[in-house]
Amino acid sequence: MGSFDIPNLIEALVLGLALSMDAMAVTLSNALCEPDMPRGKKLAMPALFALFQAAMPVAGYFGGVLVADLIDAYAGAVSLVILGVVGGKMIAEAARELREPEACSTARLTYAEIALEALATSIDALIVGVSLAATGKGIALYGAAIGATTLACCLAVLVLGRRVGERFGAHAQLAGGVVLILIGIRAFLS
């Protein structure tokens, strides 16, 4: 089951950064659409996004372990396909957002909606967990790094707020998709 070393840590942090782009974009969008959001709700976003981003790869990993023997011979190709699809989806969503920015809803965001957003933005992490099982990576390191990176990135978005949104927005999600594809290519070639 993967080892803890500097290259794995760096890869886990880069993967966490790539996977956090959706959560960052949603956090920013929520904060911009509801500028007077209560502090508790603002802090619930990074916390819930991080929790789901950390838990979903673990769930995918253990689900993937059940079929790991079946895909062991094709681990690199499976990782490339999975991360390529997830990264491609992120790129497509970013391109759509760049073409047609979403308008803000007039309704107030609820905690239940934040939890649903956290679930929706972490589905990619579930799929990545299957890829990690196929390649034998250490899920504790990757799950923790993905969750911690998501928490840090979403908190940074709340602090930097409007300046980040105006500059990066969908571009950050686009970069995240590219990073996932590059990690998939690396897994395929190694």
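User: Let me start with one residue. Is Arg-108 buried, partly exposed or exposed?
Analyst: This is a predicted model, so what follows is computed from it. Arg-108 has a relative accessible area of 47%. Buried needs under 20% and exposed over 50%, so Arg-108 counts as partly exposed.

User: Which residue does Arg-108 form a salt bridge with?
Analyst: Asp-36. Their closest N and O atoms are 2.7 Å apart.

User: How many salt bridges does the structure hold?
Analyst: Two. Besides the Asp-36 and Arg-108 pair, Lys-137 meets Glu-11, at 3.2 Å from N to O. Lys-137 sits in the loop between α5 and α6, and Glu-11 in helix α1, so this pair ties together parts 126 residues apart in sequence.

User: Are Lys-137 and Glu-11 buried or exposed?
Analyst: Both are buried.

User: Switching to α1. How many residues does it have, and how far does it reach?
Analyst: α1 has 28 residues. From first C-alpha to last it reaches 39 Å, close to the expected 40 Å.

User: Where is the kink in α1?
Analyst: It is centred on Met-21 and is about 40 degrees.

User: And what caps its N-terminal end?
Analyst: Asp-5 does. One of its side-chain oxygens lies 2.9 Å from the backbone nitrogen of Asn-8.

User: What about Ala-18, buried or exposed?
Analyst: Ala-18 lies in helix α1. Its relative accessibility is 2%, so Ala-18 counts as buried.

User: How far is Ala-18 from Leu-174?
Analyst: In space, 9.2 Å from C-alpha to C-alpha. In sequence, they are 156 residues apart.

User: Which of its residues are buried?
Analyst: Among them are Ile-139, Leu-141, Tyr-142, Ala-145, Ile-146, Thr-149, Cys-153 and Val-157.

User: Which helices do the buried residues of α6 pack against?
Analyst: α1, α2 and α5.

User: Last one. What comes just after α6?
Analyst: Gly-161, with a positive phi of about 50 degrees.

Methods:
Residues are numbered from 1 along each chain as its sequence is written. This is a predicted model: local features need pLDDT of at least 70, side-chain atom pairs count only at pLDDT 80 or more; totals for chains, interfaces and linings use all residues. Side-chain values use heavy atoms; hydrogens and water are left out. Buried means under 20% relative accessible area, exposed over 50%, partly exposed in between (1.4 Å probe, protein chains only). Helices (H or I, at least four residues) and strands (E, at least two) are DSSP runs, numbered from the N terminus. Contact means heavy atoms within 4.5 Å. A salt bridge is a side-chain nitrogen of Lys or Arg within 4 Å of a carboxyl oxygen of Asp or Glu. The expected span of a helix is 1.5 Å times one less than its number of residues. The bend at a residue is the angle between axes fitted to the seven residues ending there and the seven starting there. A polar contact is a pair of N or O atoms within 3.5 Å; within protein, one must be able to donate a hydrogen and the other to accept it, and residues adjacent in sequence count only if both atoms are side-chain atoms.
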